[in-house]
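Thanks for coming. I will take a few minutes on one structure and keep to the helix packing and the rings.

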Amino acid sequence: MQQTAVNPPVPHLDRRAVIIDWLRQMRGNAPQSLEVGGSDASVRHYWRARYTTDSVIVMDAEPTQFDAAPFLARQAELAAAAIRVPTVFAHDATLGLTLLEDLGSQELTPLLDDAATAKAWYLKAIANLVAIQSRLTHVQLPQFDAAFQRREIEICREWYLGVHLAQTFDDKQLAVWERSVALIVARNVTQTHVFMHRDYHSRNLMVVDGELALLDFQDAVSGPVSYDLVSLLRDAYISWDEGFVLDLAIRYWEQARAAGVPVPEDFSEFYAAFEWQGLQRHLKVLGLFARLNHRDGKSRYLADIPRVFDYVRSVCQRYSELTPLGRLLLDARGEKIEVGFTF
């Protein structure tokens with residue numbers, strides 16, 4: 001869930017009348033203004049309704065395309081665990097409207113100007129993540145299992161490789177792809193599971209009164225302990241050098257162990273898990289960004305593909321088992337492998 005967006009698509013004007021009438025029923029009077037507040041990478045739109053003394057957000061989604069039940073359930077669970085999330089004031093399942101607290105428009109991303117400033121914010125985000133993982137149960141959530149991870153990776157083959165790069169694998173290339181995917185998934189499913197947000201990154205963290213509030217939590221699953229940290233530190237929208245990431249990963253690991261989060265006893269083991277899980281996520285993200293452009297007309301995500309591919313390239317360079325996948329992806333992009341380039 002994002003409450004701001006670049007050139008957000010404008011919903012049909014008939015929705016404005018429906019929403020104003022609904023707000024009149026929910027709050028006793030119509031808003032002074034109703035503005036399109038943004039959209040995200042899903043089917044949802046957001047409206048900001050301004051009143052004399054305050055403003056609220058209306059989440060607007062066609063009920064046949066978006067099931068609000070997970071959003072409402074996760075919001076209640078997170079709020080009960082003292083995690084800052086927007087308050088839900090009202091929900092109408094028939095209309096597909098949810099009335100939310102307005103957390104403002106200050107995403108974390110633009111505040112990450114330099115390493116020193118960013119580190120302070122990341123430490124807040126890490127403390128928040130440790131709180132989520134140590135306080136919330138996850139047995140009630142969908143399982144981020146082998147089949148789930150494989151389905152996500154295949155989005156890369158279909159949309160990034162197949163549609164965006166117009167590459168079709170021959171039998172030999174397909175065999176390399178299948179072996180690599182099986183290897184990645186087999187490695188990742190050995191991790192201990194926790195409450196996993198699934199998109200814990202700087203655009204889903206809002207700054208409210210100097211603290212962080214969490215958005216876009218409806219897709220939470222029971223998943224690998226390293227996943228949300230890699231989403232945060234190897235963000236698709238902003239990147240940092242390896243030393244910076246390593247320092248923050250160590251700080252997370254220390255805090256997580258102290259809080260009883262089930263991370264490996266050995267940090268090197270945890271960091272390898274972090275990298276392999278990141279590879280799964282970033283392959284998926286390449287496919288998602290390509291799909292958002294080619295299917296949904298949201299071209300703004302294309303600018304972030306090079307950063308995401310660099311994450312994939314770097315992990316493939318560090319692990320010899322991933323040599324075939326790295327070469328396959330570089331070949332699909334038409335990149336020459338330099339002499340001495342090893343994985």
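A charge counts as sitting over a ring if NZ of Lys or CZ of Arg is within 6 Å of the ring centre and within 35 degrees of the ring normal. Arg-333 meets that definition: it lies over the face of Phe-309, at 3.8 Å from the ring centre. Before going further, note that this is a predicted model.

There is another case of this kind. Arg-203 lies over the face of Tyr-237, and here the distance from the ring centre is 3.7 Å.

Staying with rings, the structure holds 15 aromatic pairs. One aromatic cluster is formed by Tyr-252, Trp-253, Phe-267, Phe-270, Tyr-271 and Phe-274.

Now to helix α10, residues 323–332. Is it enclosed or open? Seven of its ten residues are buried, so α10 is largely enclosed by the rest of the structure. The cut-off for buried is under 20% relative accessible area. The buried residues are Thr-323, Leu-325, Gly-326, Leu-328, Leu-329, Leu-330 and Ala-332. What do they pack against? The partners are α4, α5, α8 (267–294) and α9 (305–318). After α10 comes Gly-334, with a positive phi near 75°.

Take α9 against α10. Their axes come within 9 Å and cross at roughly 145°, and the crossing is left-handed. On the α9 side, the contact is made by Phe-309, Val-312, Arg-313 and Cys-316; on the α10 side, by Leu-325, Gly-326, Leu-329 and Leu-330. By class, that contact has six nonpolar, one polar and one charged residues.

How far is Asp-310 from His-294 in sequence and in space? They are 16 residues apart in sequence and 21 Å apart in space, C-alpha to C-alpha.

The other helix pair I want to show is α4, residues 146–164, with α5, residues 171–188. They pack at an angle of about 145°, with axes 10 Å apart, and the crossing is right-handed. From α4, the contact uses Ala-146, Gln-149, Arg-150, Ile-153, Glu-154, Cys-156, Arg-157 and Leu-161. From α5, it uses Leu-174, Trp-177, Glu-178, Val-181, Ala-182, Ile-184, Val-185 and Asn-188. By class, the contact of α4 with α5 has ten nonpolar, two polar and four charged residues.

That is what I had. Questions are welcome.

Methods
Residues numbered from 1 in each chain as written. Predicted model: local features only at pLDDT ≥ 70, side-chain atom pairs only at ≥ 80, totals over all residues. Heavy atoms only, no water. Axes fitted to C-alpha atoms, helices over the stretch in contact; angles between N-to-C directions. Helix = DSSP H or I, 4+ residues; strand = E, 2+ residues; numbered from the N terminus. Left-handed = near helix turned anticlockwise from the far one by under 90°. Contact = heavy atoms within 4.5 Å. Nonpolar A, V, L, I, M, F, W, Y, C, P; charged D, E, K, R; others polar. Phe/Tyr/Trp six-rings, centres within 6.5 Å; stacked < 30°, edge-to-face > 60°. Buried < 20%, exposed > 50% of the residue type's maximum accessible area, 1.4 Å probe, protein only.
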